[in-house]
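Morning, everyone. Please have a look at the structure on the screen, and then I'll walk you through it.

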Amino acid sequence: MQKQSSSSPGRVTAQCVQCGRSFEMWRSYVKRRGISKTCNASCREAWTAARRQRWCLRCGASVVGGRKFCTPECKFWSRVDKNGPVVRVELGACWIWTGSKVVGYGGVTHGGLERYAHRCAWILTNGPIPDEMPWVLHRCDNPPCVRPDHMFLGTALDNARDRDAKGRHPPPPHPLETRNRKLSDEGFAEIQALKGVVRAADLAPRFGIAPGSVRAIWSNPHYRKP
Ligand SMILES: [Zn+2]
Ligand SMILES: [Zn+2]
Ligand SMILES: [Zn+2]
C-alpha cells in the first residue's frame, strides 16, 4: 500500500512497494506523473520483473519473456498423453503424441533436424541417435507412441524385418521425396556432396527440382530417396 502524507511543503512522502522504505517526491512531479510506486530505478526494475514472472506450465520452473515452458524438453513432453492404449500388457500404456502427425507418426521439429516425435523423444531421453543404428523402432508397433522404453534402435535391415514381421506396409513417402522421384541416385549423391559449395538456387535447375528440395536434402540427414 502506498502512503501519502504532506510532510514538508512542496514534497510528498510515499512508501516503496518493493523495499518498503518511505521516500519523498516533489509535489510538482506528482501533479504531472502521479505518485511513483517505487523509490528508485533498481526497485522499479525488481518490481516489474516480479510482475512479469511466469512459471513453466509443465514443471513449474521460472521462465522469462512470456514463454509457457522453461525448455524445449518441457514443451515437447507437455504435448504427450501418457494414458495411451495398452498394446501389450507387459509394456504398459503407450504415450501418445498429441501434436501434429506425419504419415501416422508424431511430427515435430527438434533442432531443425527431426521430423518425427518418437525420434525426438528418444534423443531427449538417450542422446544422439548413432549413425550405425539410425532407425528408432517401436516395440509396441504404435507409430504415434513416444514412450522411450517402447522404442529400440535398429539398422535399416532391422527396420525392414520388423516391418515384415508385423505385416506392416512401408509408410508412403514424404511429399518432398515423391517430388524427387526424377532424381537419380547419382544426382542425389552429387547434391549431397555439393552442400556448402554452391547455392541451392543454382543447383536445383540442373536436376529439374525446386531449390527447396535441394535444401531439404542438405538439411535432413534422414532424408531418403524412395
Ligand atoms: Zn525501494
Ligand atoms: Zn519446465
Ligand atoms: Zn508404445
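Let's start with D141. It is partly exposed, because 17 other C-beta atoms lie within 10 Å, and a buried residue would need 20 or more. Where does D141 sit? Its place is the loop between β9 and β10, and β10 covers 151-154. Now look at its backbone. D141 is not a glycine, yet its phi is positive, about 55°. Most residues other than glycine have a negative phi.

Before we go on, remember that this is a predicted model. So how confident is the predictor? The average pLDDT for the protein is 81. At least 70 is the score of 82% of the residues. Which element has the lowest confidence? That is helix α6, residues 175-179, with a mean of 43. Strand β5, residues 80-81, has the highest, at 94.

Next, the inside. In soluble globular proteins, nonpolar side chains tend to be buried together. Here, the largest nonpolar core has 16 residues. Which of them touch the most other members? They are A117, C120, A121, C145 and V146. Two elements, α4 (117-126) and β9 (135-138), each supply at least two residues of this core. The most comes from α4, with 4 residues.

Methods: Residues are numbered from 1 along each chain as its sequence is written. Chains are lettered from A and ligands numbered from 1 in the order in which they are written. This is a predicted model: local features need pLDDT of at least 70, side-chain atom pairs count only at pLDDT 80 or more; totals for chains, interfaces and linings use all residues. A nonpolar core is a set of buried Ala, Val, Leu, Ile, Met, Phe, Trp, Tyr and Cys residues joined through C-beta atoms within 7 Å. A residue is buried if 20 or more other C-beta atoms lie within 10 Å of its own, exposed if 12 or fewer, and partly exposed in between; C-beta atoms are placed from the backbone. pLDDT is the predictor's confidence in each residue, from 0 to 100.
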